[in-house]
Amino acid sequence: MTLRLDYANASPAGMKALGGVYGYLTQSGLPAQLVDLVYLRVSQINGCAYCIDMHSRDLLKGGLDVEKLVLVPAWHEAGALFTEQEQAALRWAETVTRVAETAVPDAEFQAARAQFSDKELADLTIAIGLMNAYNRMAISFRAVPAAAKV
């Protein structure tokens with residue numbers, strides 16, 4: 001794969017704006033590992049190799065066991081390996097990312113709301129939206145994953 005367009009160089013102000021949202025999320029109070037799990041799951045749904053590679057590495061560096069990492073795509077079959085809050089966040093990430101298909105049902109909202117405060121749920125949804133935006137940039141312009149550069 002070859003990079004089609006260096007989008008960070010082409011639109012530094014735009015990428016800085018996205019980075020500002022990322023910066024907000026790092027200090028939002030949401031657990032970093034939870035947010036990284038959501039970033040990974042959204043990237044898996046969208047098929048973004050660049051982001052899957054990056055967030056897998058981030059999770060491993062953050063201490064996530066590889067056994068848990070490899071089960072993120074099948075989290076719903078992993079039993080108690082994922083906490084109730086992680087399961088709710090991953091379920092919310094899936095339904096929000098697939099909004100055109102799901103229309104985000106009331107039951108999904110209620111399940112997420114049972115695990116998160118209003119602020120946490122709003123911030124989690126911002127994180128999901130941000131990762132969907134980053135995925136679209138990386139996929140559209142063929143960002144090359146670090147693993148593919150070696």
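Buried residues make up 36% of the 150 residues in the protein chain. The model described here is predicted. Its chain contains 9 helices and 0 strands, and the radius of gyration is 15 Å, close to the 15 Å that the globule rule gives for 150 residues, so the chain is as compact as a globular protein of that length.

**Overall fold**

- From the N terminus on, the order of elements in the protein chain is α-α-α-α-α-α-α-α-α.
- Taken along the principal axes, the box filled by the C-alpha atoms of the protein chain is roughly 40 × 30 × 30 Å.
- Among contacts in the protein chain with a separation of 6 or more, 70% involve residues 24 or more positions apart.

**Largest pocket**

- The volume of the largest pocket is about 360 Å³.
- The largest pocket is lined by 19 residues, of which Tyr7, Met15, Tyr50, Met54 and Tyr134 are the closest to its centre.
- Two or more lining residues come from each of α1 (7-10), α2 (12-26), α4 (49-61) and α9 (118-140).
- Helix α4 provides the largest share of this lining, with 5 residues.
- Sorted by class, the lining of the largest pocket comprises 15 nonpolar, 1 polar and 3 charged residues.

**Helix α3**

- Helix α3 covers residues 32-46; at 1.5 Å a residue, its 15 residues should span 21 Å, and this agrees with its end C-alpha atoms, which are 21 Å apart.
- The buried residues of α3 are Leu34, Val35, Asp36, Leu37, Val38, Tyr39, Leu40, Arg41, Val42 and Ser43.
- These buried residues of α3 pack against α2, α4, α5 (66-69), α6 (84-97) and α9.

**Helix α4**

- Buried positions in α4 are Cys51, Asp53, His55, Ser56 and Leu59.
- The packing partners of the buried residues of α4 are α3, α5 and α9.
- Just after α4, glycine 63 has a positive phi of about 100°.

**Links between the topics**

- Helix α4 gives 5 residues to the lining of the largest pocket, and its buried residues pack against α3, among other elements.
- Helix α9 gives two or more residues to the pocket lining; the buried residues of α3 pack against α9, as do the buried residues of α4.

Conventions
Residues numbered from 1 in each chain as written. Predicted model: local features only at pLDDT ≥ 70, side-chain atom pairs only at ≥ 80, totals over all residues. Heavy atoms only, no water. 1 Å grid on protein atoms, 1.4 Å probe; cavity = no way out; pocket = protein on both sides within 12 Å on 5 of 7 lines; lining within 4 Å. Points joined across faces, edges and corners; volume = space filled by probe spheres on them. Helix = DSSP H or I, 4+ residues; strand = E, 2+ residues; numbered from the N terminus. Nonpolar A, V, L, I, M, F, W, Y, C, P; charged D, E, K, R; others polar. Expected span 1.5 Å × (residues − 1). Buried < 20%, exposed > 50% of the residue type's maximum accessible area, 1.4 Å probe, protein only. Contact = heavy atoms within 4.5 Å. Rg over C-alpha atoms; globule rule 2.2 N^0.38 Å.
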